[in-house]
Amino acid sequence: MGAHSRKKGSEFEREVARDLCLLTGVSFKRDIEQVREDGLGDLLPDNPAWPFVIECKRYEAGTGCKPAWMAQVAIAAAKAGKRPAVVFRFDRQDTRVCLPLTAIWAASGAEIRSDEWATITLAAFATVAAELMQVAA
């Protein structure tokens, strides 16, 4: 990965951390260990009740969340005992979050079995995370 790509990725991680903090009140910092160790997410929350491992992806062009990204964050989430989420954005598009449908249903208090993933806005993701934290409390 070139220096430009690394810079673009780290800037996006900081942006996502800032935006999620504004939306949820949970502070995040970049996990610099992810460079040295496989199976880690990109952001570390200051609240241990945060229910997701987050993988951030920023690319010039694309049409949606890539299966490889979902697989990558699923491994990290399983390792951490949390739910997976991919926060992604392509140039000139809004930030989106791809997460398992089971997370959305669990936020409403329901449990379902499904391998399907949904793509939602960052604000909707913040709401799902807040609801999951309430359900777990």
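This is a predicted model: local features need pLDDT of at least 70, side-chain atom pairs count only at pLDDT 80 or more; totals for chains, interfaces and linings use all residues.
Before I start, local features here need pLDDT of at least 70 and side-chain atom pairs count only at pLDDT 80 or more, while totals for chains, interfaces and linings use all residues. Residues are numbered from 1 along each chain as its sequence is written, and side-chain values use heavy atoms, with hydrogens and water left out.

Let me begin with the interior. By nonpolar core I mean a set of buried Ala, Val, Leu, Ile, Met, Phe, Trp, Tyr and Cys residues joined through side-chain atoms within 4.5 Å, where buried is under 20% relative accessible area, exposed is over 50% and partly exposed is in between, with a 1.4 Å probe and protein chains only. The largest such core has 25 residues, and the members that touch the most others are Trp50, Phe52, Ile54, Leu99 and Phe125. At least two residues each come from helix 1 (3-24), strand 3 (52-59), strand 4 (83-90), strand 5 (96-100), helix 3 (101-107) and helix 4 (122-136); these are DSSP runs numbered from the N terminus, helices being H or I of at least four residues and strands E of at least two. Helix 4 gives the most, with six residues. Apart from this core lies another, of 11 residues, including Trp69, Val73, Val86 and Cys98.

Which residue stands opposite Val86 in strand 4? That is Glu55, which lies in strand 3 and is buried, with a relative accessible area of 4%. Not counting residues up to four places away in sequence, Glu55 touches Leu40, Asp42, Gln72 and Val73, among others.

Turning to the aromatic rings, the whole structure holds eight aromatic pairs, a pair being rings of Phe, Tyr and Trp (its six-membered ring) with centres within 6.5 Å, and with planes under 30 degrees apart called stacked, over 60 edge-to-face and the rest tilted. Trp69 and Phe88 are tilted, because their ring centres are 6.0 Å apart and their planes stand at 50°. This pair links distant parts of the chain, with Trp69 in helix 2 and Phe88 in strand 4, 19 residues apart. Trp69 counts as buried at 8% relative accessibility, and Phe88 counts as buried at 5%. Lys66 lies over the face of Trp69, at 5.9 Å from the ring centre, the criterion being NZ of Lys or CZ of Arg within 6 Å of the ring centre and within 35 degrees of the ring normal. Phe28, Trp50, Phe52 and Phe125 form one aromatic cluster.

Arg92 sits in the loop between strand 4 and strand 5, and at 79% relative accessibility it counts as exposed.

Notes:
Two strands pair if DSSP finds at least two bridges between them. Contact means heavy atoms within 4.5 Å.
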